[in-house]
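Please keep the sequence and the model in view while reading.

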Amino acid sequence: MGFFLTFEGLDGSGKSTQLRKLAEHLQSQGLAITVTRQPGGTHLGDRVRGLILDSKTEHLDPRTELGLMFSDRAQCIAEVIAPALHGGNVVLCDRFTDSTEAYQGGGRQLGSEIVLRMHETMCGGLQPDLTLLLLADFDKSLARARRRNNRTAAAGQDEGRFEREDADFYRRVYDKYREVAGREPNRVVIIDGDRSIETVHREISDLVESKLRTAGVLPALPGAGVR
Ligand code: ADP
Ligand code: TYD
């Protein structure tokens with residue numbers, strides 16, 4: 001029931017921009033859409049997000065960080081994602097467990113196994129129907145994220161803790177994302193994020209519409225399947 005779609009990629013790869021545009025596009029087709037994000041997405045999740053992303057949070061043990069990400073996610077599944085899917089909605093989620101595998105598993109070097117085990121325990125193994133992995137130029141993505149975080153910091157919202165990490169950290173995140181995509185080619189689709197916002201949007205909306213038709217969430221096109 002419903003359809004669960006996640007967006008993944010490095011900071012600044014264009015996930016949030018593309019998610020917003022896709023949500024508007026699908027809504028205009030009369031679909032019921034639920035938009036959420038991790039960390040955040042619930043009242044408790046927003047508090048966890050503040051804690052994890054605040055650059056004043058120091059000495060956070062990687063396993064504590066891992067546990068906080070999964071606490072946030074379990075709450076978001078219980079409060080937002082599961083009820084929306086049961087109601088038949090299309091759920092668009094900005095980051096999910098692949099982020100934890102990439103950032104805590106890869107970046108923080110905890111490895112994939114602990115992340116996948118925690119996913120089973122904390123999330124009941126819930127898997128997205130489709131994951132769009134936005135891969136854009138490494139340096140450009142991080143520079144875009146920094147500019148955006150500087151803007152939000154100027155508005156009083158400090159979300160800069162991950163920005164302190166060096167290029168090696170982000171290289172490990174990037175490599176882990178590619179590993180996940182190679183391991184799960186049926187679920188994870190790589191999208192080239194180094195094109196204009198509109199071009200990327202068109203590719204994503206065409207792909208998602210076709211998946212929604214196959215899943216029966218959107219009606220089949222007239223004549224489709226008739227030979
Ligand atoms: P993410 O959610 O992946 O961190 P955002 O969607 O917030 O990324 O994008 C980060 C910044 O880059 C924003 O200022 C956004 O307007 C800009 N941006 C997003 N996609 C593109 C693109 N394809 N080309 C140029 N700039 C982009
Ligand atoms: P987000 O707000 O999506 O960042 P951005 O818009 O810059 O892509 O996520 C905030 C940060 O949290 C981001 O640096 C990635 C990190 N993160 C993890 O390390 N593990 C996780 O499981 C999740 C969901 C996010």
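## An aromatic cluster

Which residues do ring pairs link into a cluster? In this predicted model, the members of the cluster are Y103, F162, F169, Y170 and Y177. The structure as a whole holds 8 aromatic pairs.

One of these pairs is formed by Y103 and Y177, whose ring centres lie 6.4 Å apart with planes at 85 degrees; the pair is therefore edge-to-face, since planes over 60 degrees apart count as such. This pair joins distant parts of the chain, as Y103 belongs to helix 4 and Y177 to helix 7, 74 residues apart. Both Y103 and Y177 are buried. A further pair consists of F162 and F169: their ring centres are 6.3 Å apart and their planes stand at 45 degrees, so this pair is tilted. F162 and F169 are likewise buried.

After helix 4 comes Q109, which has a positive phi, near 65 degrees.

## The chain as a whole

The chain contains 8 helices and 5 strands. In sequence order, these elements follow the pattern β-α-β-α-α-β-α-α-β-α-α-β-α.

For 227 residues, a compact globule would have a radius of gyration near 17 Å; the value for the chain is 17 Å, and so the two agree. The C-alpha trace spans about 60 × 40 × 35 Å along its principal axes. Among contacts with a separation of 6 or more, 80% are between residues 24 or more positions apart.

## Surface and charge

Of the 227 residues, 48% count as buried. The chain exposes about 11,100 Å², and carbon and sulfur atoms supply 50% of this area.

How many positive and negative side chains does the chain have? There are 31 positive and 33 negative side chains. The centres of the two sets lie 2 Å apart.

Methods:
Residues are numbered from 1 along each chain as its sequence is written. Chains are lettered from A and ligands numbered from 1 in the order in which they are written. This is a predicted model: local features need pLDDT of at least 70, side-chain atom pairs count only at pLDDT 80 or more; totals for chains, interfaces and linings use all residues. Side-chain values use heavy atoms; hydrogens and water are left out. Helices (H or I, at least four residues) and strands (E, at least two) are DSSP runs, numbered from the N terminus. The radius of gyration is taken over C-alpha atoms; the globule rule is 2.2 Å times the number of residues to the power 0.38. Buried means under 20% relative accessible area, exposed over 50%, partly exposed in between (1.4 Å probe, protein chains only). Contact means heavy atoms within 4.5 Å. Accessible areas come from the Shrake-Rupley method with a 1.4 Å probe; for residues, only the protein chains shown count as cover. Lys and Arg count as positive and Asp and Glu as negative; His and the chain ends are not counted. The place of a charge is taken as NZ of Lys, CZ of Arg, CG of Asp or CD of Glu. Rings of Phe, Tyr and Trp (its six-membered ring) pair if their centres lie within 6.5 Å; planes under 30 degrees apart count as stacked, over 60 as edge-to-face and the rest as tilted.
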